[in-house]
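This report describes selected local features of one protein model. The sequence and structure come first, and the description follows.

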Amino acid sequence: MVSLYAEAPDYRPTGSPARDRFEGIASLDDAARAAVVYLREYEATGDTVIRNDAVRILRFVTAMEQGDGEFVNFIDSAGRLNRDAPSSRQSMSYWAARSIWALGEAVRVLGPQDSTLLKSMRPVLNRAVSRMAEEIDAGRLIGGSTTATSEALLGLLAVQRADTANALVPLATRTARLLAAHSEGDNKTAPWGAYVDRAGVPWHAWGARSPEALAIAGSALGHSEFTASARKEADGLWGRFLLAGGIPSAVTPNGTATWYPQIAYGIGPIVEGYLALAEVTGQRRYAVFAGLAAGWFLGNNPAGVSMYDEKTGRTFDGIDGPSPVKVNRNSGAESTIEALLAIQKATSNPDAAEYLHYRPVGNQSPLLANVPERREYAGPGGSRLVLRRGPAGVEIALDDQSVGDNEVAPRDAVAGSDKPSTPITLTYWPAANPVETSVANRLASQWNQEHPDVQVRVQPLPAGRSSEEVLLAAIVAKATPDVSSNVSSALLARLVRAGGVVRLDNRVATSARLRERTNAAMLASLRLPDGGIYAFPWKTNPMMLMYNVDLFKAAGIGPPRTQSELVQAWHKLARDTDGDGRLDHWAMWATLKTTWYERFYDFYPLYLASSGGRTLVNNGKIVFDNEAAVAALDVLRRGFAEGVLPRSNFALGRDPFADGTVAMKIIGPWFVKELTDIKIPSLHYDVAPVPGADGTDPANRYAFADLRSIAIFSTTRYPDAAASFVAYLTSPAADRMLIEEASQLPYRRRLATDPRFTASLAKWPTLSTYANYVERSRDLDLDPDVVEIFDLLSEAYEESAIYQTTTVKDALAKAAREARNIVNAR
């Protein structure tokens, strides 16, 4: 149960007070919004405890529906419905709209993995949507409110994100059109684009979610006019708030502001609206404005008090004023929920997070009609940000010059700080291959245009035997770049041991991007013993079994699911095509080379397909002497022993899969671009998971990630600027470029189902299938001796699989014994 209030100083939960006629002890209004908080936190963290809390709240939400799509709001301490109070009666009003929002978010976040749960909740959502449609089609706002209508629209759009072909699109479009018609004034005329319930009534900050809902609708529904409508209030009215130095609680039709009380419910929706516009338009200034607005929660307000307690999550009920300014230290559910909704989003956006601790300089302007042309905001370390009025709204000024929509200087280079105010230069080493160098140059060029004070110089990794050797040599020579994006997990532990890289999860920009992009489970194996993340997980190449569709069809087989089926496929696909009595076409090729990284394409993917996610080293202990390793080596041994894996290496520069010599290979998505570039019309291929050992539960099958990360080197003079650049390289826009240009996958949660990437993934055949395994992959262990451990496994592979001079179990036992000696000698 979500309690209504908690009164200072002990914050014991209490029910509705006498002034509200004792409505009850809990409300659907609060519970539905709390469900959204829990669902989004589960999405960000993967924490099943949070998921279960969300489900419990959602069950309360569905229980309050009365069988016809309408809801009752309050219950008393005995669980009885309050059907009499105007704020609780069965209706299609605020609490119903928020229920649609919560249930829509449940469809989006929980998705297919909780189909049974959603099956029980979907009828409630369907009835509520049908009842909502009656209001919209009659031209009525939900509850007569732009707030309630916006929140119901957010629910429809959440469902649309989960299913782009869903039947709610027409209703969402009609709702957005109705909402867009409620804007009053324009950029020059009061109330400056404000969304109001009806003409002639004041705009209220409380629940001002129209810009957020319309911005998302514009993108999701393909109607740019909705995004333009969202910008009316954001660029007009909200822009005046930024220049005035505060956010009022209400604005009359003639532009007169009422400044108090200020509450979380009046701040949070503005933060979320700005961030929605930043996402949809790509204009980073909106994210900066969101950070400035969200600063209210952290002490950048007239009282100078942090309204949000980061330790407890509790939020004070507001600021009364103006004389005297007084903080209401009670903590109602609405205050805490609205703060959490805003802070979840702001701390997941690097640009917003960077400006959370900036506060306006000078006195607040009381008259919105007469705000100053410029307003300075002061940040940590003496940094500052100057906003100024521009033709289309508020712009960011840098060194007294107005800059474009996206131009924002990172903290290391902000004018007025104790850091350099002249332009600084970062050196960035991407991989030397042409595709990644091209992507790096394009992103750096865009960055340089948007960040005139921080310029990036791209220099592909110098030639060398491997990236690992080049970067380690650069550390010894103290010639490292500021940033490099070709850091493997095999290298990372060595770089950390050498003190060569900067920790990233405690930097504002990279911490925010990690939260936006990943979850706790995705980061767990990437943390060093001190718990830190020292390289940003950038892209992943989950290894899958690529197979020639036509050759498989001719052999009468489908892709193998188990390792026994794999051996059978090897036999059926091995052929002698020239009649000389020797096989010259095979099912697969396993290289005879014993270089450590060659095991990425045979033993290690086969091992991870059976190990349930177990890698080679766990907490400094060798753990690969197990049945999954035995099965992986043994299937390779059988292939060589039975003559269906070739005991030869193919000529350099020739790919035996591309020319049809072999019918399958274990490979990552980067190979898709190679196949597309060489244009073989007769080649039809698909991909499937690497087969696991017989009896392996498919739910426990993992792919090898082949992860590449981005590191900031400790020699940099500008770690904050470098962190901002890393966050830029891993933004949604940059990730789309990586997919589209390189057929490579960002290490990003829910990539396969995120509608922001659907079109990019569809550009390449099979890439959507690869994307399903981004979160079901395991990489190399972050162990400084992992290369030596793979060398030992390569020796075991050579001895037991290729030449069978010893048994598989003995070879693995020997490798494990020698690996333990290496680890124990540290």
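## Strands and sheets

Val251 stands opposite Ala257 in strand E9. Strand E8 (residues 250-251) and E9 are joined by 2 bridges and run antiparallel. Strands here are DSSP runs of at least two residues (E), helices are DSSP runs of at least four (H or I), and both are numbered from the N terminus. Two strands pair if DSSP finds at least two bridges between them.

This is a predicted model, in which local features need pLDDT of at least 70 and side-chain atom pairs count only at pLDDT 80 or more, while totals for chains, interfaces and linings use all residues. Residues are numbered from 1 along each chain as its sequence is written, and side-chain values use heavy atoms, with hydrogens and water left out.

E8 and E9 belong to an open sheet of 3 strands in the order E7-E8-E9, with antiparallel pairing. At the edges stand strand E7 (203-204) and strand E9 (257-258), each with a single partner strand, so one side of each has no neighbour in the sheet.

Strand E19 (residues 483-488) has another setting. Of its 6 residues, 6 are buried, so E19 is largely enclosed by the rest of the structure. Buried means under 20% relative accessible area, exposed means over 50%, and partly exposed lies in between (1.4 Å probe, protein chains only). E19 pairs with strand E17 (residues 424-429) in the parallel sense over 2 bridges, and with strand E27 (residues 708-712) in the antiparallel sense over 4 bridges. Ser484 of E19 takes part in both pairings: Trp429 stands opposite Ser484, and in E27 the bridge partner of Ser484 is Ala711.

## Aromatic rings

A pair of aromatic rings is described by the distance of the centres and the angle of the planes. Rings of Phe, Tyr and Trp (its six-membered ring) pair if their centres lie within 6.5 Å; planes under 30 degrees apart count as stacked, over 60 as edge-to-face and the rest as tilted. By this rule the model has 22 aromatic pairs. Two of them are tabulated here.

| Pair | Centre to centre | Angle between planes | Class |
|---|---|---|---|
| Trp596 and Tyr597 | 5.8 Å | 80 degrees | edge-to-face |
| Phe603 and Tyr607 | 5.7 Å | 15 degrees | stacked |

Trp596 is buried at 14% relative accessible area, whereas Tyr597 is partly exposed at 39%. In the other pair, Phe603 is buried at 1% and Tyr607 is buried at 0%. Phe603 and Tyr607 both lie in helix H20 (residues 603-608), 4 residues apart, which is about one turn of the helix. An α-helix has 3.6 residues a turn, so residues three or four places apart point the same way.

Lys665 lies over the face of Phe671 at 4.1 Å from the ring centre, and Arg776 lies over the face of Tyr702 at 4.4 Å from the ring centre.

## Helix H2

Helix H2 (residues 48-63) has 16 residues and reaches 23 Å from its first C-alpha to its last, close to the expected 22 Å. The expected span is 1.5 Å times one less than the number of residues. Buried residues in H2 include Ile50, Ala54, Leu58 and Val61, and Arg51 is also among them. At the start of H2, a side-chain oxygen of Asp47 comes to within 2.8 Å of the backbone nitrogen of Val49.

## Loop residues

His451 lies in the loop between helix H13 (434-450) and strand E18 (454-458) and is buried, with a relative accessible area of 1%. The side chain of His451 makes a polar contact with the side chain of Arg284 at 2.9 Å. A polar contact is a pair of N or O atoms within 3.5 Å; within protein, one must be able to donate a hydrogen and the other to accept it, and residues adjacent in sequence count only if both atoms are side-chain atoms.

Ser93, in the loop between strand E4 (74-75) and helix H3 (94-110), is buried at 11%. Leaving aside residues up to four places away in sequence, Ser93 touches Ile142 and Gly143, where contact means heavy atoms within 4.5 Å.

Note on methods: A charge sits over a ring if NZ of Lys or CZ of Arg is within 6 Å of the ring centre and within 35 degrees of the ring normal.
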